[in-house]
Amino acid sequence: MTSPKKVALVAGREFMAAVTNKGFLIGLLIMPAVFAVIFALMPRLMTASSAPVSGDVAIVDPTGRVAPALRSAIGPEAIRARRERVFDRAVNTVAGPGGTAAMRGGPSPASFLGTPPDFRLVERPAPADLAAEKRGLTAPPAGGRRRLALLVISADAIAPPAGRGYGSYDLFIPPNTDERIERELRDGLREAIVSARLAARQLDPRDIERITAVATGPSITVGDVERQTSTGFNRSVPFVFVGLLVFGVMIGAQTLMTSTVEEKSSRVIEVLLSAVSPLELMAGKILGQMAVSLLVLALYIGIGVLMLSSFAMLGLLDPWLIVYLLIFFLITYFLFASVFGAIGAAVNEMREAQALVTPVMLVLMVPWLLAAPVARDPNTTMAVALSFIPPVNTLAMMIRMASTSPPPLWQVWLSIAVGLAAACAATWAAAKVFRVGLLMYGKPPNFATLVRWARQA
Amino acid sequence: MMQAIELRDVRKTFGANVAVDNLSLAVPRGTVCGVIGPSGAGKTTCIRMIMSILFPDSGSVSVLGRASALEAKDQIGYLPEERGVYRKMRVGAFLTYLAQLKGVSREVAAARVPALLEQVGLRGTERTACDELSKGMLQRVQFVGATLHEPELLILDEPFSGLDPVSVRLLREQMRTAHARGATILLSTHIMAYAEELCDHVFMIHEGRKVLDQPMEGLKRQFDPRTLVFEPLHPRADVAAIRAMPDVERVEEQGAGYVITLVAGADPSLALARIAALVPPARIEIGRLRLEDVFVRIVAGGGGLDEAAAALRSRLQAGAVEEARA
């Protein structure tokens, strides 16, 4: 008795009402806009946030060999070189060796790296009056330059006594020192001490550097098409996919609930029910909002694919993952949309809906909490069990499939079957709650009432 | 005659509250029938069951020869008591959408909308958003929504509620047009004067039960009020002579004049002439049947102005006063 034509009409109106809404358009564009702003502004903001630092660094060096090496190791050139090495490592981790060149073609690393601090090394004679030197750290700046740190090098830092290990150093800093200053000094000190130790043994530091440096080679996944693997990329894929899944579901389900509450509170519902059955109305609304969610997902996936191809990283993505994303999206969407639709039909206004929606939202948040452990170890008992427990099974399975060791195919299809069964059950129960709830006004229902309606209808 | 609507022994409860009890009624095709009763009598529940929006606990409903309104939705026009629109939608788009849901093609609906809006005094509002219209205008839009697909059966739940006199007149004209086209109309109202004017047949419902089911003609005969409404030419005129007339049962003051009740069997036209001869009248006429009086007489079980009847009357009038305020 259900008329597909009426369902399509309801779905069409629902879709048009959603996509022509100003709020939706703003919401749709705001995510890409936020990302664009982050990518465009963050380097500038980060550079701006690390205001140029200048000051004195006092050193007490009984060995007499660390201070000269440190003078060049904390000079602006050396600091810039160290920062570039760190940046290179980070780029390699995220994009893999293949992606480095492409990413380097993008924003200039100098803009990320900021202005190096201006340290002036002040040598204090050893042995020094340590207490007086420490006081210098907290005293008001003398001659406009403040003292940033006091380094006390151990006498045996370069040449250890026979049979004992190398000595180290003590670093004294004033309260509230920027952690980055401390890191720069430690990195510089490490470089200076190593180079002094090598010099003491008549070894050339550049030789040692060449000997110990091994360029990171690409990991290549063997298959029909050989693909370069990127650790950082691989780590982020499960989060991106489960994020898209949850985001897509939430957009559709939330709007479905809001529009149902609006129809009920504006009392247009009874006019609609004189033309369509509750089942036709619910089916139309669910399908209409599904189209809205699919549109949003298509847009975001499209942007993602464009970005990957612009960084020459498209080959890293398995296209089947997108197919499975859509399958899991449909299952998860039908399940949650049914629940949200039923809640919308049961309450009188949005405020009342919040109490019923909160537990459902918490369920949707579970995979977020578990995403990291499941993505790291996708085949633990917990991860496997979650893949078969609705309503989180699709989300858990999506994380596992996007991880580096995907589950066997039978588990994927079993999870899909479980998900389909759960979605059908949810839709069936929701249809009953929908029918009873639509014309119920007055006291807002709780979950027990919804279950009773589902049973009695 | 084939029935447009038939209810047999229908009962509907909400928890412990019996909304409709053992109700049977038949609406013949082509008639204008009124379901009347005070607010809370069970009229809306009854109509929602006819529309298959609610389902009876027991009993059966048939609409336009089908087992349920669900099978005949496209032939029914419905104006619910709880009226609403999509506030952000334009009037034309909203009406076209409703018509499409009722099986009318988009082109036909779009062609009918401007003419129908003009008929209810809303010319040129097709592109206006619904939330820019006043309440009365929206009710007229909703009436157009109920009739746009030219239904065989038009069910109107409290159609005049909250309307200004101009809107009431426009809606009555539209109802007459629909009826002239051959549509059967079922009208629910707690304002009995509208039913007196518009209906061929009335069903009175009180506390979920049917207390009256008669054609208006029969009602007029059965519940002949035997009253004359009289206003003397001189406001302080003595009416003792009228009270003393053998045809007169009692004389009660009402506003600027009097309501004269005749004894059973008295000839109103003769009485009229005699009274006019005794006291010069500014106005004198035979009292018309008032459904309110019929209702009170049936429910209170006598016709006298005892406490129960007075309470009922005040309940009925309270509804009408609220309407007037709205």
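Q: How many salt bridges are counted between chain A and chain B?
A: This is a predicted model, in which local features need pLDDT of at least 70 and side-chain atom pairs count only at pLDDT 80 or more, while totals for chains, interfaces and linings use all residues. Residues are numbered from 1 along each chain as its sequence is written, chains are lettered from A and ligands numbered from 1 in the order in which they are written, and side-chain values use heavy atoms, with hydrogens and water left out. A salt bridge is taken as a side-chain nitrogen of Lys or Arg within 4 Å of a carboxyl oxygen of Asp or Glu. Between chain A and chain B, the count is two.

Q: Which residue of chain B forms a salt bridge with A:Lys6, and how far apart are the closest N and O atoms?
A: The partner of A:Lys6 in this salt bridge is B:Asp74. For A:Lys6 and B:Asp74, the closest N and O atoms are separated by 2.9 Å.

Q: How much area do chain A and chain B bury between them?
A: Contact, meaning heavy atoms within 4.5 Å, links 19 residues of chain A with 23 residues of chain B. A:Arg13, A:Glu270 and A:Ser274 supply 27% of the area that chain A buries against chain B, more than any other three residues. Buried area is the accessible area (1.4 Å probe) that two parts lose on being put together, summed over both. Of the area buried between chain A and chain B, 63% is on carbon and sulfur atoms, and the value is about 2,200 Å².

Q: Why is helix H1 of chain B described as largely enclosed by the rest of the structure?
A: Helices (H or I, at least four residues) are DSSP runs, numbered from the N terminus, and buried means under 20% relative accessible area, exposed over 50%, partly exposed in between (1.4 Å probe, protein chains only). The buried residues of H1(B) include B:Lys43 and B:Arg48 as well as B:Ile47 and B:Met49. Helix H1 of chain B, residues 43–50, is largely enclosed because the buried residues number eight of the eight.

Q: Which cysteine has the sulfur nearest to that of B:Cys33?
A: With a disulfide defined as a pair of cysteine sulfur atoms within 2.5 Å, the count over all chains is zero. B:Cys33 is in no disulfide, and the nearest cysteine sulfur, 7.2 Å away, is that of B:Cys199.

Key
Helices (H or I, at least four residues) and strands (E, at least two) are DSSP runs, numbered from the N terminus.
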